[in-house]
Amino acid sequence: MRLRFRVLSMAAMVATLVPVCGSAPGVTKTLDEDIVVTAAPVYEPLAVLRGEERFPQGAQLLLVHQGNAAPLVKGFAASADANISFDGKSVLFAGKQAASDPWQIWELTLADGSVRRLIANSADAIRPLYLPAGQLVYAGRTSTGYRLVVAGKASLSMMAPVAADAGETLLPISHLQGSAIPEDVLLDGRILFEANFPLGSGTTPELFLVYSDGSGVESYRCDHGRARWGGKQLASGDVIFTHGASLARFTSPMAHEVPVVAPHAEYAGDLAETAQGDWVVSSRASSAAHYALKLARPDLPNSASLAMQAVFAVSGENLVDPVLVAPRTRPHHHPSALHPWSYANLLALDSRLSREGDLRTVPASVRLETMDAQGRAVANGTAPVEADGSFFVQVPGDRPIRFALLNAKGAVVRQEHGWFWIRSGEQRICTGCHTGPERASENRVPDVLMRTAVPLDLTGAKAVSQSQTNAPGGN
Amino acid sequence: MKFTAEQLARSMSRISGPFAVMLLVALALWPALRRPVKADERAASPLPLVYASPLELQLSPDGARLYVLCQQTEEVRVLDARTYAAVKAIPVGHVPRGMALSVSGDRLFVTNSWDDTLSVIDTSALAVIATWNVGAEPSGVVEDRAGNQIFVANRISNDIAVLDARTGVEKKRLLAGRGASYLTLSPDGKRIYATHVYPNATPHRTAPASEITVIDTERAMVVERMPLPGVAGVFHLALSADGRLGAAAEYHPKNLIPLAHLEHGGAFAYTLTLFGADVGKPVEIPLDELERYASQPFGVAISPDKSRLYVTAGGSECVLAIDVARLLRFVHTRPRPASGSFANDLSASANYIVTRIPVGHNPRGLAFSPDGHRLYVANRLEDTISIIDPRTNRVTSTVALDGPKVVSALRRGEQTFYTARYSFQGQIGCASCHIDSTFDGLQWDLEPDGFGRDIVDNRLIEDLKGTEPFKWNGGNPDIPTECGPRTEMYFWRSEQYDGRVLADLALYMRGLPARPNRWRLPDGELTPSQERGKALFERAVDRFGKPIPETNRCSYCHSGPKGTSQKSFDVGTKKPTDNSGLLDTPQLTNTALTAPYLHDGSARTLEEIWTVYNPEDKHGRTNDLTKDELNDLIEYLRTR
């Protein structure tokens, strides 16, 4: 009954596809490019970060061609999250053949409309994005939220469905309590994803980065505070995202977000950039309305704000996550340099340094905590901090971890707000403790490496008291 | 005597007629006839085309002529600065590097870095009127305002020669930084500022240091050495017309930190040091951004009205436009770090860099028209001149210099060597560490061996054929292995070139010639000291008459024409941080230039190899040698 209702409502929606006016009444624009967009009666953009459904009343991908829309895929109870291949010939999407199915990852060949399933799983799999070298990344549901998963083996094209137990062809790359949702693959090869801040413990949507092998996870920028989601990279390299009521951008030169002066509205998720550099955005006047597609001219001279032209709307439907059907620049592939280890190494160059203000005194030690399966913090031990603020530790890989700096009495002088992970086999260097991506490291050999090139084992594989044996002068 | 393809091409360009063409083709094919050639190599084998390779630019004082120093064709091309029509090409010496006009513009001076001469060109006749011998590898050159003295920076001898401007007779030498290269005369003519491309010596595993050597022009004396802490690689320096603002383009390496990733300036900061009355105490400011780097800054120019400052970024293939007023505001309002350097603040450049202007391959020298309305940029590996309108900061036209229209495999390989486009966020290229295809005088902590382990000295890459394997542990049997997936994973940290581009790069690197050795006598004979050193190098008996085991003679490991047996040995130089004492035998090609020594750069001089790091005679039997004998041995090694 429910399925029939959805199918009927979708059919009704398709039948009533009409261009309507947006913020410029009476003026509509027909795009030269074809667009695929997700249409849904109800859209809850941030529900996914809570592990909930974004499209509680279903969704359907539409292909908009010269102002006319038609369902992109046939025979699906629901479809969403289109991502166009780099050659513009196929579309990744999340779909349900039956309403009771979990979301799964599919690929449509545009030339003949053929569809094949790429990810076969018993849990939801959503937000697929093409990666270079025959891989894709998506968000797979777990008991603690969505996690990032990379599927496909480098240099191996995905010619066959990938089963959940496919071993090395399915690589979980986020290791958190909480959800991580891929948003875009940047031209430098990193995956832009959204999760709550502080990572693994917070409730404020924020944008993060990670390499396609799961290494190097970090905040995109560290001017945290406002909720940010829905990031998309432009050809210029800037990343545009939404606060909901406004748009903003990250640019390469700036350590903080830059506002985009846009008409007051609610903005949803991703935008698409046309070959001419215009933006196709999804917005609505208020929460009482539905999201429609608008064309924005970001570089019009002397414009105080983005000039918006209505492009496409569907009565009773939210149109979100537009993508252009066209070839696009393939991002760089990240050549993974992970070592074949079960642990990771972390070198902090100067733990005194922080965006929150540099510590004036050197911490006596650093404590590592991991999160167990029940979500409890477990202390793995401490390591000495050198006079220059450096420490070098071996930590467990692929688990939530966090550090706290302690004084000589063992009291916490500063600790991380959230959790992060280091991939097994990763060797990572931190300039300080939450210094922000704008702060590069000073060129000097950290004291800890002058003393020893052996990281202190805080993996928990040995007794915690082992850390006391590595006082300065050891090794 | 050996020639590279490019050297041959240069020579052949001076021979005309069918014979030359036939000979050229035969020579080009000769390596292929001598040895088996793999399919990919055959496809990449080039005819040795000769490209103009514009390196430096000068405008005549009236702005009518543009002088273009063309390094590979070894000439100065004279263009009409308005129409860009070719007026004349003036042949100069071997591998020209520096160029300067006299104050009146009547003479143009060109340094010829490989034959150690200075060409003096009469700009009326557009002809070379004199060629004077100067120091080792002359680079930058300036004449004082009075026309009495010419100053020439010598890269190999690390000094500045002062010549009589009328006769070319050398009057004195001034000690400069290591790899002295670029000279700038202050607008009032009272000072000359000298920079150098290799860092001065600092203690092992400490930050590099450089200097700007300031010379009193009239007295021809060094009056100041402006320290540039943390800097290794200083290139052009510009002064504003009022003399109140100076800026030098620099590399600020991160060689002491394990090279685990490139993000957040993991390998380099590229910077300017600002100095002068406008600035007060000198300050280093970054040119990089958070996700985009200004790789390999080289040329600097300040507009005549001091409103704009431009920097070429050779690896990033762009010109950076800086708003000087905003720059000075930043310098005066932002609290200075204790180090005096903003190099590690990747968000700083947003305060003063207006835009990045894309230009051609490997932009180097740049020059303003006298009215400041045009900025000319030499794109060295594209044979073009970009003309930028400083009012719009846009390229208004691009002038193609005469030359081959085909880009050869060798040329593509050189482009690959210099570009930073293959590395993560465009931070580094091969040339970031191999300055002008040489080395950088630094030791690096590479990631795969472990943090703080296997510190390695950067080696010279001249005349590599026959020196395989590569890496200090001898782990890479050939150049494609050295520069292929390993480089992608541990240096570029990003997807790199495909097989064809790698083949082109390998072709370029295999063809890099050795610079002329300045310690050899012109006739190839050895001095008596060198002869004695050669005997010590080859000796089989020590001074006590005791036989030296063959494997402990210098000539055993350092055998063959390149001074390497191409095998690995443990010579007792293993440090506690080394994973193994088994080390590849380094070639001795131009070894005099490549201090410091040993695999980790711990020996500051050749002598320290034996006096400090060979206590048990494992690195050859040397502890029986007297000081004079060690000197002889060193004298001989310098001829290799």
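Reader: Which residues in α9(B) meet residues in α5(B)?

Author: This is a predicted model. On the α5(B) side stand B:A409, B:L410, B:R412, B:G413, B:E414, B:T416 and B:F417. In α9(B) they meet B:V501, B:D504, B:L505, B:L507 and B:Y508.

Reader: How do the residues of that contact of α5(B) with α9(B) divide by class?

Author: Two of the residues in this contact are polar and three are charged. The nonpolar ones number seven.

Reader: Are α5(B) and α9(B) roughly parallel or roughly perpendicular?

Author: Helix α5 spans residues 409–418 of chain B, and helix α9 spans residues 499–510 of chain B. Their axes are 7 Å apart and the packing angle is about 95 degrees. An angle from 65 to 115 degrees counts as roughly perpendicular. Therefore α5(B) and α9(B) are roughly perpendicular.

Reader: At what angle do helix α10 and helix α13 of chain B pack?

Author: Helix α10 covers residues 528–538 of chain B, and helix α13 covers residues 627–637 of chain B. The two are roughly perpendicular to each other. Their axes lie 7 Å apart, at an angle of about 95 degrees.

Reader: Which residues of α13(B) make the contact with α10(B)?

Author: From α10(B) come B:S529, B:Q530, B:R532, B:G533, B:K534, B:L536 and B:F537. The residues of this contact divide into six nonpolar, three polar and five charged. From α13(B) come B:E629, B:D632, B:L633, B:I634, B:E635, B:Y636 and B:L637.

Reader: Which helix gives the most to the side of chain B that touches chain A?

Author: Across the two chains, 39 residues of chain B are in contact with 33 residues of chain A. The chain B side has 15 nonpolar, 13 polar and 11 charged residues. With three residues, the most comes from a helix at residues 485–492 of chain B, namely α8.

Reader: How many residues of domain 2 of chain A are in contact with domain 1 of chain A?

Author: The domain assignment of chain A gives domain 1 as 2–324 and domain 2 as 343–469. On the domain 1 side of the contact, seven residues are nonpolar, seven polar and three charged. That side has 17 residues, and the number in contact from domain 2 is 17.

Reader: How many strands are there in chain A?

Author: Of its 475 residues, 52% count as buried. Helices number two, and strands number 34.

Reader: What is the bridge partner of A:L247 in β20(A)?

Author: Strand β19, residues 247–250 of chain A, is joined to β18 (residues 239–242) of chain A by four bridges. There, A:T242 has A:L247 as its bridge partner. Three bridges join β19(A) to β20 (residues 258–260) of chain A, again antiparallel. In β20(A), the partner of A:L247 is A:V260.

Reader: Which residue takes a positive phi in the hairpin of β18(A) and β19(A)?

Author: Four residues lie between the strands of this hairpin. The phi in question is near 100 degrees, and the residue is A:G244.

Reader: Is A:R127 buried or exposed?

Author: A:R127 is not a glycine, yet its phi is positive, about 50 degrees. It sits in strand β8, residues 125–131 of chain A. A count of 20 or more other C-beta atoms within 10 Å makes a residue buried. A:R127 has 27 such atoms within 10 Å, so it is buried.

Reader: Where is B:P596 found?

Author: Most peptide bonds are trans. The bond joining B:A595 and B:P596 is cis, with omega about 0 degrees. B:P596 is found in the loop between β32 (582–584) and α12 (606–611) of chain B.

How values were computed: Residues are numbered from 1 along each chain as its sequence is written. Chains are lettered from A and ligands numbered from 1 in the order in which they are written. This is a predicted model: local features need pLDDT of at least 70, side-chain atom pairs count only at pLDDT 80 or more; totals for chains, interfaces and linings use all residues. Axes are lines fitted to C-alpha atoms, for helices over the stretch in contact, and angles run from 0 to 180 degrees between N-to-C directions. Angles under 35 degrees count as roughly parallel, over 145 as roughly antiparallel, 65 to 115 as roughly perpendicular and the rest as oblique. Two residues are in contact if their C-beta atoms, placed from the backbone, lie within 7 Å. Ala, Val, Leu, Ile, Met, Phe, Trp, Tyr, Cys and Pro count as nonpolar, Asp, Glu, Lys and Arg as charged, and the others, Gly among them, as polar. Two strands pair if DSSP finds at least two bridges between them. Domain bounds come from an automatic or database domain assignment. A residue is buried if 20 or more other C-beta atoms lie within 10 Å of its own, exposed if 12 or fewer, and partly exposed in between; C-beta atoms are placed from the backbone.
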